[in-house]
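Biologist: I would like to learn how to read the sheets, helices and cores of a model. Could you take me through one?

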Amino acid sequence: MMKSIAIIGAGTTGLLVANYLHSVARVTVFEKSDRVGGRASSRKQGIKNFDHGAQFFTTENIEFKRLLLQMSRQGVVSRWHGRLVSIDANNLTIKNLADKDRLVGTPSMQSICEFLSKGLDLQLHTQVDSLSRRNGKWCLGTTSNKKKFEFDWLIFAIPPMQVNDILPRDIGWSGVLNNLRMRPCISLMGSIKDMERPSWDGAIVSNSILGWIGFNNTKPKRPLPISLIAQSSYDWAEKNLDSRDSDIKIRVLKEIKRILLLKTLNLDFCELKKWTYAVVERPLGKPFLFDDKYCVASAGDWCIGKKINSSFESATKLSEKLYRRVT
């Protein structure tokens, strides 16, 4: 009989694992949000898409390149030929960054996860709030459905703190998970009415409350009106995550104007996205956590890195191990 697998989290890691295994097992993906994406998410406002999470990705992994080539043929991934620079905010010096094969989802970063979710048993807006193990099965309870779900295997594809909140203590991962620290980030999305754009398209910023300033409309298949994405430094986000949105906007917009040498910045849309768990401070150091006795595993970029390609590697290695267990 075909094994059943529950995956909690519909970001890149969870959806990649589901794609690898759904042909050999009955896979169900649970996502508390109303859409897929995780940190590879976008916000739609009118005709504009704002990539308020991951901005782009690069990879040298041959297997990942094969998947990206397939996505490229489907129009889901494109190269971003934008000019990227680094800016020292202390003296406003600008340096060009070396050209790389930078890739983005099209028409938004979220398109990648939307592509990966096709054909899957996807339970959106469904938060798993209880777990128990009985008779060799995992029993999942959700806030949105009184029905209990039973599975042979349970896979976490969410931040380690969220795993620790719900995982039964007899699994024995608490010590490992408690040693991991995720850092927050705050993204500001702005639609600009009128502005003379700088000669660059994206900037990694140092010595500032900001870590990134970019013009989302310069990415392929984005509409022409100027759309701005600014992301805070992790240090500043840790100190200001609980501040009022209005105060955060004032500080961030002031810093944007200073760096861009603008007297005014006219926006017809301005919104924040607060990422409580943006990146891991120090990765776990191995591609996944795995417990054969209890048939449970956990994976994500936090296991080995901070970027989308880390999600791919973690998902791939876990899927290879699980494939041998369920077939």
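**Reading sheets, helices and cores**

Modeller: Helix α8 (residues 308–326) lies across β1, β13 (153–156), β19 and β20 (296–299), running at about 20° to β19. Helices (H or I, at least four residues) and strands (E, at least two) are DSSP runs, numbered from the N terminus. Axes are lines fitted to C-alpha atoms, for helices over the stretch in contact, and angles run from 0 to 180 degrees between N-to-C directions. Contact means heavy atoms within 4.5 Å. This is a predicted model, in which local features need pLDDT of at least 70 and side-chain atom pairs count only at pLDDT 80 or more, while totals for chains, interfaces and linings use all residues. Residues are numbered from 1 along each chain as its sequence is written, and side-chain values use heavy atoms, with hydrogens and water left out.

Biologist: In what order do the strands of the open sheet with 6 strands stand?

Modeller: Two strands pair if DSSP finds at least two bridges between them. Here the order is β9-β2-β1-β13-β20-β19, with mixed pairing. β9 (121–123) and β19 (288–291) each have a single partner strand, so one side of each has no neighbour in the sheet. From one strand to the next the twist averages 15°.

Biologist: How do β1 and β2 pair, parallel or antiparallel?

Modeller: Strand β1 (residues 4–8) and strand β2 (residues 26–30) are parallel, with 5 bridges. Ser-4 lies in β1 and stands opposite Arg-26 in β2. Ser-4 also touches Glu-150, Phe-151, Asp-152 and Trp-153, not counting residues up to four places away in sequence.

Biologist: Is Ser-4 buried or exposed?

Modeller: Buried means under 20% relative accessible area, exposed over 50%, partly exposed in between (1.4 Å probe, protein chains only). Ser-4 has a relative accessible area of 1%, so Ser-4 is buried.

Biologist: How should I read a core?

Modeller: In soluble globular proteins, nonpolar side chains tend to be buried together. A nonpolar core is a set of buried Ala, Val, Leu, Ile, Met, Phe, Trp, Tyr and Cys residues joined through side-chain atoms within 4.5 Å. The largest one here has 78 residues, and Leu-140 and Phe-156 have the most contacts inside it. Helix α8 supplies the largest share of this core, 6 residues. Apart from it lies another core, of 29 residues, including Met-195 and Leu-272.

Biologist: At what angle do α2 and α8 pack?

Modeller: Two packed helices are described by the angle between their axes and the distance between the axes. For α2 (residues 62–73) and α8 the angle is about 105° and the axes are 10 Å apart. The two helices are therefore roughly perpendicular (65 to 115 degrees). Glu-63, Phe-64 and Leu-67 of α2 meet Ile-308, Asn-309, Phe-312, Thr-316 and Glu-320 of α8.

Biologist: Which strands stand at the edges of the other open sheet?

Modeller: That sheet has 7 strands in the order β7-β6-β15-β16-β17-β14-β18, with mixed pairing. β7 and β18 (267–280) are its edge strands, each pairing on one side only. Strand β6 (residues 84–88) runs parallel to β15 (residues 202–206) over 5 bridges, and 4 bridges join β6 to the antiparallel β7 (residues 93–96). In the hairpin of β6 and β7, 4 residues lie between the strands, and Leu-92 takes a positive phi near 60°.

Biologist: Which helix lies across β6, β14 and β15?

Modeller: Helix α7 (residues 245–260) does, running at about 100° to β18.

Definitions and conventions: Parallel < 35°, antiparallel > 145°, perpendicular 65-115°, else oblique.
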